[in-house]
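Welcome, and please take a moment to turn the model around before reading on.

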Amino acid sequence: MNTPSNLKYTKSNEWFDPSSGAMGLTDYAQSQLSDIVFVEILVEAGDTIEAGIPIASVESVKASAEIYASATGKVVAVNKALSEKPETLNSDPYSAGWMVKVENGEPGDVMDSAAYEKYCAEQTK
Amino acid sequence: MLTTIGVKSVDDLFKDVPAKHRFPKLNLPPALTEMEAAAELADIAASNENVRGDLISFLGAGAYNHYIPSVVDHMLRRGEFYTAYTPYQPEISQGTLQGIFEYQSLMIALTGMEVSNASHYDGATATAEAVNMASAQFRGKRKKVVISPTVHPQYRAVIRTYTQGMELDLAGDDGNADLDSSPEELKSLIDDNTMLVIVQYPDFFGCIYDYTKLIEAAHSKGALVCVVANPTALALFKTPGEMDADIVVGDGQPLGIPMWYGGPTLGFFTTKKTYVHKMAGRLVGETVDNRGQRAYVLTLTAREQHIKRERAISNICTNEGLLALGSAIYMSVLGKSGMRQVAELCYHKAHYAAEQLSKIKGMGLCFTEPFFHEFALCVNQPAEEVNAHLLEHGIIGGYALGNDYPALKNHLLIAVTEMNSKEEIDTLVDVLSEADHD
């Protein structure tokens, strides 16, 4: 499981990059969902979002999940390429798989990578 | 078991039911033997009058009397198919899934669309699902649905039921609307808040319009368009797909399903591939198994309510499996040219009937537009009285339009199919001419 140390993590398995304002779903989340076949980003550039609101809906071959905002802020970009290639979320969740970027993002209830790794280990138990 | 749940006797389980209601005396006649029961049921059944010999029918309005090749029933009654439900472990039933896959393929060929689901209950519920889909597509941001008043009145009623609590604005849904206005005048109702426009093809009065321009206008406002279509007509006329419709729905009953008592039928639902994730219902796809052989699966199931729960687009994923299979058999037996032949027979016979009927003094066609196999006839006297007179002569008359459209209280909606012979049509004309002289 990959949990880059420069990112912050939520209990609902999203990440937030404080330096770029990007957010998405974690490597652990994509491995639990298995093959992702559909992504719909629910917000648009210009929207103001609050940490905890649904920003995307994801369907895999066996499950469906809502992705929640890991930070509060004004949306400056959404990753439109994902709807064409939803499998990017499986192959590259932290880079090409970013979903939404906000400016001056205030992280919500987040933890660091060490705490998140421990959290995931407990979930898998 | 009683000890575990903490009661003393079985009677304690019923103590909340008042004693006098526990074992009421049922006022039943003496029990019958099987032979007696069969005879009694046969007596009751004999009081039915059907359209295969007892009565001549010119009633349509959503359910149509077509010839059903005997092979349809023979195939349906095979034990392997004779269940109305997709099994819970669907992939074990490859035959059922292949049947649905063939049905889906035939439906998209007929409608000119890209994706079909495994079917809904009937045409009305399929149309209501189009509203659910459009609402999901706009994520509730658009709230208006423009419905032509010439969409089947019962379909409009089902839409009103389905959308209770969704806080939608249903515009145009009015039996008192000006029915002479062209469908293009619906344009004035379409705005930036409109998610869906619903029209019928042929419309409830049998009239055929090319909706291309209306669809273009709706698209320019960002709205989707749903066309409710009669599948028999699609074998003859330009498809809604060619008009760039986004959703095409309808009742599959004309495709090899008897009229019964008005149901059950099946509702077909087809759309463009872009919207497949917003489509309700089950969907069968073709793939290969672990040995590389062709196999069928239920696909994109994560859209459905058993996975998505309250976030699902629809809470109904039931399909009319057996009847969808019946219509797939019907379509494949008739083939493209057979279906066109049925449609042509309907068209020509209906036009012969319309021509003869409008010669009767005081009667005439209500609309001047081209029509398919159904038309509104002004009979210049209460439609119910005319129908009563026809029934005395062994004829089921048309649908009395006055209840749904107050302005048309002296009008009958007459349907003519390949099942109506020229003699039957001439009888209808004769009986109606007599009624005129009464």
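The following report goes through the two chains and the places where parts of them meet.

Please keep in mind that this is a predicted model.

**Chain A**

Let us begin with chain A, whose secondary structure comes to four helices and nine strands. Along the sequence, these elements follow the pattern β-β-β-α-β-β-β-β-β-α-α-β-α. Taken along the principal axes, the C-alpha atoms of chain A fill a box of roughly 40 × 30 × 20 Å.

How much of chain A counts as buried? The share is 41% of its 125 residues. As for contacts in chain A with a separation of 6 or more, 66% of them are made by residues 24 or more positions apart.

**Chain B and its two domains**

Chain B is divided into domain 1, made of 56–68 + 335–437, and domain 2, which covers 70–330. Between the C-alpha centres of these two domains of chain B there is a distance of 28 Å.

Which elements supply at least two residues each to the side of domain 1 of chain B that touches domain 2 of chain B? They are helix H11 (321–357) and strand S12 (374–378) of chain B. H11(B) gives the largest share of that side, with seven residues.

**Where the parts meet**

| Contact region | Residues in contact | Make-up of one side |
|---|---|---|
| Chain B with chain A | seven residues of chain B, eight residues of chain A | chain B side: two nonpolar, one polar, four charged |
| Domain 1 with domain 2 of chain B | 28 residues of domain 1, 27 residues of domain 2 | domain 1 side: 19 nonpolar, four polar, five charged |

**A hairpin in chain B**

Strand S9 (residues 284–288) and strand S10 (residues 294–298) of chain B run antiparallel and are joined by five bridges. Within this pairing, Gly285(B) has Val297(B) of S10(B) as its bridge partner. In a regular strand, side chains alternate between the two faces of the sheet.

What lies between the strands of this hairpin, and which residue there takes a positive phi? Five residues separate S9(B) from S10(B), and Gly292(B) takes a positive phi near 80°.

Methods: Residues are numbered from 1 along each chain as its sequence is written. Chains are lettered from A and ligands numbered from 1 in the order in which they are written. This is a predicted model: local features need pLDDT of at least 70, side-chain atom pairs count only at pLDDT 80 or more; totals for chains, interfaces and linings use all residues. Ala, Val, Leu, Ile, Met, Phe, Trp, Tyr, Cys and Pro count as nonpolar, Asp, Glu, Lys and Arg as charged, and the others, Gly among them, as polar. A residue is buried if 20 or more other C-beta atoms lie within 10 Å of its own, exposed if 12 or fewer, and partly exposed in between; C-beta atoms are placed from the backbone. Domain bounds come from an automatic or database domain assignment. Two strands pair if DSSP finds at least two bridges between them.
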